[in-house]
Amino acid sequence: MATSLDDFVRNLPKAELHVHIEGTLEPEMMFALATRNGITLPYATLDEVREAYSFADLQSFLDVCYAGAAVLRTERDFDELMTAYLRRATADGVRRAEIFFDPQTYTNNGVGFDVFMPGFLSAIERCHSDLGIDSALIMCFLRHLPVESALDTFEAAEPYLERLLGVGLDSSELGHPPRDFELVFDRARAAGLHTVAHAGEEGPAAYVWSALDHLGVERIDHGVRAADDDALIARLVDSGVPLTMCPLSNLALGVVGRLEDHNLKAMLDRGVKVTINSDDPAYDGGYILDNYIATAQALDLSRTDLVRLASNSIEASFAPEADKAAWLAELAVVASTG
Ligand code: ADE
Ligand code: ZN
């Protein structure tokens, strides 16, 4: 008997390349940490939290997400947050997760690298040995803050650079072009780090060009608006620079009005190396499996499309080539028997 769509997608080995750890803070954990740390939340009940999760745009989401992250205070909090995400991702068939974190959100609350880094890293190591999931950290700079703050953050991260996979750029996009962060991205690349950036989520295709040309990024996070520019699509196809798309996030934040109107399938068919990811699953309506399933249903993706999306995710990851080859070989077996 043919496997259900859900089982088929779950069993595909895949990589998650666009998830913000702050965006995995579930309301239950937010309440528990607020109580443990003596922090007063602007919500009295879980229902009130869920009601607040109705977003008009990216900024209205970011305001709520950054406020929620204020409950994260101790090494144990960061360990528990990371452990919960990695368990959930493993259950969805994720073999490799490249996870964003926003240090400036924590340092602005008086919580330093010496607190969150050991918390994240202990969870990553424990989940690798207990669950087999392979994961790594990408440090994002908040683009609504000046480049000087990003440079200070890079300096504060220096003792931990060996433990970082790369750097990224996130937060409010409009009015904050990638070019503004050239200096800090140059430093990161010189230190041997990978580079990625959010571009073309709410911002124009010009910001995707800017991320490619001024920041030299290896992947574009979102890139929905790249479809407005044929020359840019040609550049993405020719260079093989992947897009880490997040369909349920795009729906929740009004980037698309209906999932049926998302351009993910059109981009895939045009030869762009598209991947499916969750972005902020506790806020946006779903983890990676939910994103695959909802997108498959809305855009009528075939099982061949789904296998292509999973293989793109593995190829687009920054994992060692031998690991990628092993996951791709496993994917080929699952795809042929599923
Ligand atoms: N930080 C968390 N989620 C984000 C998103 N979708 N865009 C930009 N910054 C973010
Ligand atoms: Zn994002």
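**Exercise 1. Locate Ser171 in this predicted model, and work out whether it is buried or exposed.**

Step 1. Ser171 sits in the loop that runs between strand S4 (164–170) and helix H9 (182–190).

Step 2. A residue counts as buried when its relative accessible area is under 20%, and because Ser171 has a relative accessibility of 5%, it is buried.

Step 3. Turning to the backbone, Ser171 has a positive phi of about 85° although it is not a glycine. Most residues other than glycine have a negative phi.

**Exercise 2. Describe Asp279 in the same way, stating in which loop it is found and what its phi is.**

Step 1. The loop that holds Asp279 lies between strand S8 (274–276) and H14.

Step 2. Phi of Asp279 is near 70°, which is a positive value in a residue other than glycine.

Step 3. The relative accessible area of Asp279 is 2%, so this residue is buried.

**Exercise 3. Find which residues surround ligand 1, and then examine its polar contacts with Ser171, Asp279 and Asp280.**

Step 1. The residues around ligand 1 include His20, Phe61, Asp170, Ser171, His198, Glu201, His222, Asp279 and Asp280.

Step 2. For Ser171, a polar backbone atom is 2.8 Å from a nitrogen atom of ligand 1.

Step 3. For Asp279, a polar side-chain atom lies 2.7 Å from a nitrogen atom of the ligand, while for Asp280 a polar side-chain atom lies 2.6 Å from a nitrogen atom of ligand 1.

Step 4. Ligand 1 taken alone exposes 260 Å², and the protein buries 99% of that area.

**Exercise 4. Identify the buried residues of helix H2 (residues 27–37), and find what they pack against.**

Step 1. In H2, the buried residues are Pro27, Met29, Met30, Leu33 and Ala34.

Step 2. These residues lie on the same side of H2, because they cover an arc of only 155° around the axis. An α-helix has 3.6 residues a turn, so residues three or four places apart point the same way.

Step 3. The partners of the buried residues of H2 are helix H3 (46–52), helix H4 (58–68), helix H5 (75–91) and helix H14 (281–284).

Step 4. Just after H2 comes Gly38, which takes a positive phi of about 65°.

**Exercise 5. Determine how many disulfides the whole structure contains, and consider Cys246 as a case.**

Step 1. Searching the whole structure gives 0 disulfides.

Step 2. Cys246 is in no disulfide, and the nearest cysteine sulfur, which belongs to Cys140, is 12 Å away, whereas a disulfide requires sulfur atoms within 2.5 Å.

Step 3. Cys246 counts as buried, because its relative accessibility is 0%, and Cys127 counts as buried at 4%.

Definitions and conventions: Residues numbered from 1 in each chain as written. Chains lettered and ligands numbered in written order. Predicted model: local features only at pLDDT ≥ 70, side-chain atom pairs only at ≥ 80, totals over all residues. Heavy atoms only, no water. Buried < 20%, exposed > 50% of the residue type's maximum accessible area, 1.4 Å probe, protein only. Helix = DSSP H or I, 4+ residues; strand = E, 2+ residues; numbered from the N terminus. Arc of directions from axis to C-beta. Contact = heavy atoms within 4.5 Å. Near = heavy atom within 4 Å. Polar contact = N/O pair within 3.5 Å; in protein donor to acceptor, adjacent residues only side chain to side chain. Areas by Shrake-Rupley, 256 points an atom, 1.4 Å probe, with all protein chains shown as cover.
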